[in-house]
Amino acid sequence: MNQLRWQSQPFPPDGASAAEGIRNQLGRPELDLLTVLVREAAQNSWDARSGDAASVDFEVSTWLVGAAHMHSWRDAFLAGAPAGEAFPLRHRLQPNQKPLRVLQVSDRGTGGLGGPTRADTVSAGARDFITFIRNVGEPRDKELGGGTYGFGKGIFYLLARQGSILVYTRCRNDAGRLESRLIGCTLWKSYVGVDAVDRQTRRYTGRHWWGDVTDDGVVEPLFDEDADSLAARLGLRVFDGDETGTTIVVIDPIIDDLRPAELGDYIAETMVWHLWPKMLAGQDGTPAMRFHVRSDGVDHPVPDPREFRPVNVFVDAYEAMNAAEGLTLSCQNPRRELGRFAVRKRIMPPVERRRAATVVDIEDSLHHVCLMRPAELVVKYHKGPKPPSENFGYAGVFRALDTMDEIYAKAEPPTHDEWHSKMLERPESTFVNTTFVRIGEQLNALFELDTGAGGSASDFSLGAASTAFASLLPGGWGTGGATVATTPNRIRTPSTSDHAPAPGEPGAEASKQPTRRGRSHARVQLVDTPALSTIDGNVVLIQRFKLTPVASAKVSAVLDVGLPGSAREKDPPAHASMPRVAFWRAPDDSRLHGDKVEITGGEDEWALVVFPAADTVTDISIVAEMIGGEG
């Protein structure tokens, strides 16, 4: 080991890339920096997976550097640090500054950053170290990998407030021996400065490396015991046994106004939205990747995508895509199969407004298709037409075929979050354009949005397709009912055989009388129309009601189904499920279970909670019968 310090890169006579140019290659991502970091880092880890590992472990953690470790940070990273605005990390590490926060991204089960450590070394093997640390714009070297030209690594520097990161990796060298490596990197701004050795004024690119400066002025990483020892003193977890992988530490990350607990939850939910395909168990029962989040010593569990609304609908569509019901979308001229597609629609209340969902432009309603390449990393949630009813949502998945991967990869910007046909020449641009046309055709057919002559989506009900019997039956005793159309292109109303004539019609006067004569009767009065909601993670219909008079009665739920426009029936249509009672909610919020329960009437409000039948009309009727008398 020679001398541990920072070394700044001067412009050579024949030129080099300035730091600003490298930082700008990411452009201005539409996603926030933390989201881009999670996406890009996970993509790098997936591309670096080891063939020996059953699964890749991926973790994001953040903490404040404590007093026990801070002196090691200062001792190591103030050595040889340039002065002034050209290197702001120097000022940040001073003792009079606030506590230093770091954000660590690590993986295990990957090959680590192996290969040569110098960019001019010729090697037929891995070049991961020089690709990540030294060079910019190297083409991807893994078939069907998620990355393309390596610009995504710039997000680590963009997220670091002073443009500085620390890279700690373990790999197998050319001899097959395990080797640890530790190096510091800064990407900030080009500047004019004075060389610390010969005192000559020079122009510098704004790129700096920290490590073992050799006699020829090249910064090499620390190796093996030196690397592991310093990593431990800095507070990093060292590699155990024969582990391989990479840990990247973002120094002083830009995390906006998020408190540690909020930061942990946000990162965990961001992982679900952008990496859920890697969380699903494969044929051997093991997920492709396992994800962990830790913030200031507290674990933040990453939600299960099968249970996390509304990502669970995308999971359903993904599984349908992989099954026989999935479709292969094609371009006809020139003829080419593009990818696999499936979509799922659901009755659902509005999407809960949470930061991670808002970032992907999913706010109130779900009407999106998840785009992905064969690597099965989310590219984007592509917006489709809104459903005709606010109570419906849908989620689709499109995955490009292996044979098309290179075309879609070339259509992506450095952040891999869009497919731009304008980046391609024909016929490749035609394939990308046709992809969105074919997806649009499938989505329009989903709700018959393209209705032909004289019809449009505006013809459909935009509210809850529901009608309360109580409003139709003045004076009707003993029953109350509601109808909810769970397919939005029709409004289901009760048939005339279901209720009494309207005022002015023959028999209307008789309809005002109780259905059975007698002093003991019960009347169900519906309160408003049925409302969609979620309870215990399930979509439900809630029908509020009151019961008069103040007496005990048995109330029964009668649930029927049918297809839009059909007569109501107790037997479900083919392939349809039956609605069922979830529970009855008492005025004190307690729950009663069963299709028939005993309650006490009065001014207090009750509610019937029902699991609706998807893709059918769900009819809700409530029948009351006095206890000990006629109903």
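This is a short tour of a predicted model, stop by stop.

**Whole protein**

Start with everything displayed. The protein holds 14 helices and 25 strands. Colour by burial next: of its 631 residues, 51% are buried. Residues 24 or more positions apart account for 71% of them.

**Helices α2 and α8**

Select residues 33-47 for α2 and residues 260-275 for α8. Their axes come within 10 Å and cross at roughly 55°. The two helices are therefore oblique to each other. The crossing of α2 past α8 is right-handed. Show side chains at the contact. From α2, pick L34, T35, V38, R39 and A42. From α8, pick L263, Y266, I267, T270, M271, H274 and L275. By class, the contact residues of α2 and α8 comprise 8 nonpolar, 3 polar and 1 charged.

**D361**

Move to the loop between α10 (355-359) and β15 (367-372), where D361 sits. Check the backbone: phi of D361 is near 70°, a positive value in a residue that is not glycine. How exposed is D361? D361 has a relative accessible area of 37%, so it counts as partly exposed.

**Two cis peptide bonds**

Select R426 and P427. The peptide bond from R426 to P427 is cis, with omega near 5°. P427 lies in the loop between α11 (405-410) and α12 (428-446).

Then jump to T548 and P549. A cis peptide bond joins this pair too, with omega about 0°. Here the setting is a strand: P549 belongs to β21, residues 538-562.

**D589 and L592**

Go on to D589, in the loop between β22 (580-585) and β23. D589 is another non-glycine residue with positive phi, about 75°. With a relative accessible area of 57%, D589 is exposed.

Finish on L592, in strand β23 (residues 591-592). Is L592 buried or partly exposed? Its relative accessibility is 22%, so L592 counts as partly exposed; the cut-off for buried is under 20%. Draw a distance to A582: the C-alpha atoms of L592 and A582 are 9.2 Å apart, across 10 residues of sequence. Which residues touch L592, leaving aside neighbours within four places in sequence? Select F583, W584, A586, V597, E598, I599 and W606, which are in contact with L592.

Technical notes
Residues numbered from 1 in each chain as written. Predicted model: local features only at pLDDT ≥ 70, side-chain atom pairs only at ≥ 80, totals over all residues. Heavy atoms only, no water. Axes fitted to C-alpha atoms, helices over the stretch in contact; angles between N-to-C directions. Helix = DSSP H or I, 4+ residues; strand = E, 2+ residues; numbered from the N terminus. Parallel < 35°, antiparallel > 145°, perpendicular 65-115°, else oblique. Left-handed = near helix turned anticlockwise from the far one by under 90°. Contact = heavy atoms within 4.5 Å. Nonpolar A, V, L, I, M, F, W, Y, C, P; charged D, E, K, R; others polar. Buried < 20%, exposed > 50% of the residue type's maximum accessible area, 1.4 Å probe, protein only.
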